[in-house]
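The sequence and structure come next.

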Amino acid sequence: GGKRIPGTVTPLVLEHLATIDGGTVGKHRFSLSGAEYDSLLGGLWLLGKTEEGQGMFHGNRLWFLPEGSRQPQLVLDTFDPGLKAEGIAVCGGERAGERELVISYDNDYHSTRLPSMLRVIRGVRKDAEGRITLGP
């Protein structure tokens, strides 16, 4: 069973899917900032960020949670320090079982003077053992 959410028009029950321990970089803890379902690869992309005070970011992480699993695979460890990844989208690149991922960054311009941006990861696929790989 799940937890019934009060105040909803239609009774809504949320069930626990997984607990994500994002780990740390130095003393800074990763927290979940985005999730996106990938029907081609069969699972959820999970995005994590670090954030401290006024515009202090220490990196981001990317995991893949396969359907039916409760244990995500760390795909990309501590990337883009100094930037804050806030969202993820699965896009095109479906040839030969490959995907492209777009990461959105909200870098808190008011305190960092760094603009928001989008970055793309190309060549995302599963290897023969079913693990996610990146690149050519």
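## Basis

Contact here means heavy atoms within 4.5 Å. The model is predicted.

## Sheet

Strands S5, S6, S7 and S8 form an open sheet in that order, with antiparallel pairing. S5 (31-38) and S8 are its edge strands, each pairing on one side only. Neighbouring strands of this sheet are turned by 15° against each other on average, with direction ignored.

Within the sheet, S6 and S7 run antiparallel and are joined by seven bridges. Leu 46 stands opposite Trp 63 in S7.

## Nonpolar core

The largest nonpolar core contains 17 residues, and Trp 45, Leu 62 and Leu 101 have the most contacts inside it. At least two residues of this core come from each of S6 (43-49), S7 (60-66), S8, S9, S10 (99-105) and S11 (117-126).

Leaving aside residues up to four places away in sequence, Leu 62 touches Trp 45, Leu 46, Leu 47, Gln 73, Leu 74, Val 75, Leu 76, Phe 79, Ile 88, Leu 101 and Ile 121.

## Lys 84

Lys 84 lies in the loop between S8 (73-79) and S9 (85-91). Is Lys 84 buried or exposed? Its relative accessible area is 3%, so Lys 84 counts as buried, the cut-off being under 20%.

The side chains of Lys 84 and Glu 86 are joined by a polar contact of 3.1 Å. Residues up to four places away in sequence aside, Lys 84 touches Lys 49, Glu 51, Phe 57, Asn 60, Ser 104, Tyr 105, Asp 106, Asn 107 and Asp 108.

Key. Residues are numbered from 1 along each chain as its sequence is written. This is a predicted model: local features need pLDDT of at least 70, side-chain atom pairs count only at pLDDT 80 or more; totals for chains, interfaces and linings use all residues. Side-chain values use heavy atoms; hydrogens and water are left out. Helices (H or I, at least four residues) and strands (E, at least two) are DSSP runs, numbered from the N terminus. Buried means under 20% relative accessible area, exposed over 50%, partly exposed in between (1.4 Å probe, protein chains only). A polar contact is a pair of N or O atoms within 3.5 Å; within protein, one must be able to donate a hydrogen and the other to accept it, and residues adjacent in sequence count only if both atoms are side-chain atoms. A nonpolar core is a set of buried Ala, Val, Leu, Ile, Met, Phe, Trp, Tyr and Cys residues joined through side-chain atoms within 4.5 Å. Two strands pair if DSSP finds at least two bridges between them. Axes are lines fitted to C-alpha atoms, for helices over the stretch in contact, and angles run from 0 to 180 degrees between N-to-C directions.
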